[in-house]
Amino acid sequence: MTDVPFQEPTGEGSGRDAGGLGAPSGSDAGAERRFVRTAFVRRKERFEAWARGVFLAMAAAMIVPLVAIVGHLTYEAWPSLGLEFVLDIPRQGMTEGGIWPAFVGTLYLVGLSLAVAAPIGVLAAVYLNEYARDNWFNRVIQLAVINLAGVPSIVHALFGLGAFVYAARFGYSILSASLTLAIMTLPVIIASTREALAAVPRSFREACWNVGATRWQTIRSIVLPNSISGILTGVILQVSRAAGETAPIMFTGAVFYKAIARGDLFAYRLDEQCMALSMHLYTVTTQVPNVRESVPYATAVVLLASVLLVNATAIGLRLWLRNRKRW
Amino acid sequence: MNPTAPHAITTKGLNLWYGTFQALVDVNVALPHGLITAMIGPSGCGKTTLLRCFNRVNERYGGVTTTGEIRVLGRNIYDPDVSLIELRKAVGMVFQRPNPLPISVYENVVFGLRIHHPRRELSRARLDEAVERALTEVGLWGDLKDRLDARATSLQLEQQQKLCIARLLPLKPEVILLDEPCSALDVEGTRAIEELMCELKGRYTLIIVTHNMAQARRISDECVFMLLGQIIEHRRTEALFLQPADSRTADYVEGRYG
Ligand SMILES: Nc1ncnc2c1ncn2[C@@H]1O[C@H](COP(=O)(O)OP(=O)(O)OP(=O)(O)O)[C@@H](O)[C@H]1O
Ligand SMILES: [Mg+2]
């Protein structure tokens, strides 16, 4: 121990002699020994360094699976990869060729499901966060949202089959599949939107109410502009979820094979069935014999790349919107 | 007072930048030991920034560059072998809004002890005694001795602020920095904190930032007037208020701008 050791709290100091300085005022020789590390401080600093190291290692470990996955997939997929693979249709009984019908199908499914889920989810979240009082009705809604988020996707699939395919008579179609995906992503969109809304400080709202703004005016002029980055990110991150799910669309509207023209973006009607990337990956891997080896991997790479691209856009958008808000 | 170290804190050519914005410009100041020094000046002139330099807590905020020298009790706190842990133990800070931790009154007071001492050194008796002493010193013992288990955040604001001061005391700080400690309090609370500061004076060096001219006049021994990151004037309080040397000081203390 190089420092002045801790003194037992006795006597000195409790007597309040106003004149005397309780604190030792060091001479220059003493001053040089001030604030130096004691053995205990050194021990704490060692622990601190160790703790930081562990946390850093855990955070850095996240890179390993990503690099491994992307690296492995790309390596295996290499012989097939190329723009041609995306634009071409499957050939030779799906053992050769490209994935265009599946790619377009996924675009349709994800686009349509988000077009349905995003407005409903965001508006519902606005209601829950900005208008809802704490009564039984609203608590039921919140309970419903939480539980809906916990339902496994295969159960959503079965529900979609019963509700959209049969009861609503949409048949096996893009419409049924998209609506099923929408229901699946809704609760998550609601949760992330609520979080973004709750991050806007309450004092901003109070300022608005006290100049006589209605709730809607407050929301439109202050709350939404300041939470839009968080809301959009939450919505866009659901793209990857919707794009990756297989079970819900398999039950409601996705097929193994559908012949459409190469490179045709408007190939599907909404009441038709479609192919999809996730489903196609399953098919070529497990259902079709003698597929060229790189085809499943290339399919996975396209799926992954599209999702990463969308996520990167979300991050960019978020940064851009963030920079414009200052508080 | 020890003649070789009459000043608790001295700075030499202290400059500080937030990014590219210079918040402190060539600050040279020597603050007396064991007395109350008030720092006054218009909003944004760098009072809080200067205060935060004294225990190097500015470094926790990103993008801060500092040059120059700061000596606390004769020791240059930018020396490489200075431990920030020990420095901050000796130089405590009280904030504008009382910030008791959301734990019991008792645990708030012993928080510092628990952090700075190995568990085996902290007997129950020693903790109890530290709590009683610290709370007595800030004048809370009588009110709170039966409510030591109460959540600190449920106290009145004035009590919370006193508790925040009490939280520093078991560590035997040398310097207590107070950043507008009364601005969230009413008249009574303000008076109580001021009385407490006068009680603590002598045993601790107190440095208070305030926007309240009357308060600076009432409690401080010396007064520092700052403007745009610079120290304009630093004298004994009566002198600064009665015969300010600089016309800008005169204008400010007379309330012509603020
Ligand atoms: N973390 C920060 N990042 C960037 N600039 C900052 C930061 N903190 C303070 N500043 C700027 O530095 C200047 C001095 O700020 P400081 O908080 O020290 O002023 P102050 O005198 O305490 O003001 P007030 O009386 O309002 O508390 C201000 O112009 C402020 O905008
Ligand atoms: Mg300040």
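Predicted model: local features only at pLDDT ≥ 70, side-chain atom pairs only at ≥ 80, totals over all residues.
Residues are numbered from 1 along each chain as written, chains are lettered from A in the order written, and side-chain values use heavy atoms, without hydrogens or water. Local features need pLDDT of at least 70 and side-chain atom pairs count only at pLDDT 80 or more, while totals for chains, interfaces and linings use all residues.

**Stop one: chain B.** Select chain B and colour by secondary structure: there are 10 helices and 10 strands (DSSP runs of H or I with at least four residues, or of E with at least two, numbered from the N terminus). Its radius of gyration, taken over C-alpha atoms, is 18 Å, close to the 18 Å of the globule rule for 258 residues, so chain B is as compact as a globular protein of that length. That rule is 2.2 Å times the number of residues to the power 0.38. The C-alpha atoms of chain B fill a box of roughly 55 × 45 × 40 Å along the principal axes.

**Stop two: the largest core.** Now select Leu109(A), Ile249(A), Tyr268(A), Leu277(A) and Val302(A), which touch the most other members of the 59-residue largest nonpolar core. Such a core joins buried (under 20% relative accessible area, 1.4 Å probe, protein chains only) Ala, Val, Leu, Ile, Met, Phe, Trp, Tyr and Cys residues through side-chain atoms within 4.5 Å. Helix 5 of chain A gives the largest share, 14 residues.

**Stop three: a second core.** Move on to Leu113(B), Ala130(B), Leu140(B) and Leu206(B), which are among the 49 residues of a second, separate core.

Methods. Buried < 20%, exposed > 50% of the residue type's maximum accessible area, 1.4 Å probe, protein only.
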